[in-house]
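Please read the following alongside the sequence and the coordinates.

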Amino acid sequence: MRMVVLPGDGIGPEIIAATVRVLELASKRFGLGLTFELHDVGFASLKSRGSTLTPEVLPACRGAEGIVLGPLSHSDYPPRAEGGINVSAELRIQLDLYANIRPSRSRDGLTHWGRTPMDLVIVRENTEGFYADRNMYQGIGEFMPDPDMALSIRKITARGSDRIARSAFELARKRRFHVTSVHKANVLKVTEALFLRECRKVAKEFPDVTYDEQLIDSMTALLVRDAQRFDCVVTTNMYGDILSDLASELSGSLGLAGSINAGATHCMAQAQHGSAPDIAGQDKANPTSLVLSAAMLLDWLSIKHGKDAFASAARAIEGATDTLLRDPARRTRDLGGALGTKAFTEALCKEIEA
Ligand code: NAD
């Protein structure tokens, strides 16, 4: 099975190297038959080929079984006309990766910052909402009618809402059978009402899954106060982006949060955090978020192909990560430990082999 690997910017190459090492080991141990095809994206390809996303990358991703994408410094890219394409957004749109699945769970022996332990998944719509670079057929959804006025268009569709709600309910059936829909329908009475209408319709098709709704503002307080009450949380693009960072930090650290972007036919593993330019190239990055994202991709492949070995590999990676995180001596610096990226990866590989 061919995996396309895109290292990205900042700490991307370091955490990608760690992740590929872990995947190679898992492939060998569980007989997954993974192969890896590496392409430069981001500043590396902008420098050598004039674009952050060169033309051969998208077809390579389309033809691959899975994609592993490193973080990107896209805030620093030049305009699109000068080669600065937001790689992550482009892949999400072109491959229709509509479901951004972002779990957050606290772990024994590791401090969590919310008042309760937690084990929840944010199911974030990934292709519309307020994201102006991807919510229009032509042009972008942000514009300035005059120098002192800026407007932004937010797109919510029945189809987009229906399919993300389905993702959440299907996931809940594999977890604790509860879905919470997060919205702001008291103010955005048209768009949010449409989103809720579709969530409620889907809820009726899943009578075995309990369903409730929460306003986005009170949701942030509840996440801090009582996150243990949540199982699967479905929401629109921007709320999901923000809530998932809050949830993963509350669970211990943003650096521990796995994430996949999944559609009907493709899946891309991508860490929740950014390219951390402040620590790039210093062997300080924690690769856990991307490694756990890759484990989620293995789970997705296990379901797609009905191959249990992929799920077993994912469990082995998660279990080894938990074991390391329990031991203060084997943590990375962001978690108060002493290990660099390479030493942590070595320790992780030993644990997977044990
Ligand atoms: P960031 O997530 O890169 O960094 C925030 C802080 O967390 C920094 O102090 C950083 O050192 C630390 N950090 C992040 N990941 C870490 C890791 N794995 N191990 C240890 N420490 C880690 O956020 P930022 O600084 O706001 O953004 C930097 C760049 O990343 C920007 O160009 C932004 O647009 C981009 N970004 C990309 C993605 C993505 O590719 N998915 C997501 C968010 C931000």
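The largest pocket in this predicted model holds about 990 Å³ of space. Its lining is made up of 35 residues, and those nearest the centre are I101, L171, K174, I260 and M296. Several elements each supply at least two residues of this lining: the strands β4, β5 (119-125) and β11 (260-262), and the helices α5 (158-172), α8 (237-251), α9 and α10 (308-326). Of these, α9 gives the most, with seven residues. Sorted by class, the lining of the largest pocket has 16 nonpolar, twelve charged and seven polar residues.

The second largest pocket has about 380 Å³ of space. It is lined by 20 residues, of which H74, R92, R102, D241 and Q272 are the closest to its centre. Two helices, α4 and α8, are the elements that give two or more residues to this lining. Helix α8 is also among the elements that supply at least two residues to the lining of the largest pocket. By class, the lining of the second largest pocket has eight polar, six nonpolar and six charged residues.

Which residues are closest to the ligand? They are S75, G274, A276, D278 and N286, out of 18 residues that surround the ligand. The shell consists of nine polar, seven nonpolar and two charged residues. In the side chain of S75, an N or O atom is 2.4 Å from an oxygen atom of the ligand. The side chain of D278 also places an N or O atom 2.9 Å from a ligand oxygen. The ligand taken alone exposes 810 Å², and the protein buries 68% of that.

A276, one of the residues closest to the ligand, has a phi near 40°, a positive value in a residue other than glycine. Most residues other than glycine have a negative phi. A276 is found in the loop between β12 (267-270) and α9 (288-305). Is A276 buried, exposed or partly exposed? It counts as partly exposed, because its relative accessibility is 23%, which falls between the limits of 20% and 50%.

D96 also has a positive phi, near 50°, and is likewise a residue other than glycine. D96 lies in the loop that runs between α4 (87-94) and β4 (99-105). With a relative accessible area of 30%, D96 is partly exposed.

Note on methods:
Residues are numbered from 1 along each chain as its sequence is written. This is a predicted model: local features need pLDDT of at least 70, side-chain atom pairs count only at pLDDT 80 or more; totals for chains, interfaces and linings use all residues. Side-chain values use heavy atoms; hydrogens and water are left out. Helices (H or I, at least four residues) and strands (E, at least two) are DSSP runs, numbered from the N terminus. Buried means under 20% relative accessible area, exposed over 50%, partly exposed in between (1.4 Å probe, protein chains only). On a 1 Å grid over the protein atoms alone, a cavity is a set of points where a 1.4 Å probe fits but cannot get out, and a pocket is an open set with protein on both sides within 12 Å along at least five of seven lines; lining residues have an atom within 4 Å of a point. Grid points are joined across faces, edges and corners, and a volume is the space filled by probe spheres set on the points. Ala, Val, Leu, Ile, Met, Phe, Trp, Tyr, Cys and Pro count as nonpolar, Asp, Glu, Lys and Arg as charged, and the others, Gly among them, as polar. A residue is near a molecule or strand if one of its heavy atoms lies within 4 Å of it. A polar contact is a pair of N or O atoms within 3.5 Å; within protein, one must be able to donate a hydrogen and the other to accept it, and residues adjacent in sequence count only if both atoms are side-chain atoms. Accessible areas come from the Shrake-Rupley method with a 1.4 Å probe; for residues, only the protein chains shown count as cover.
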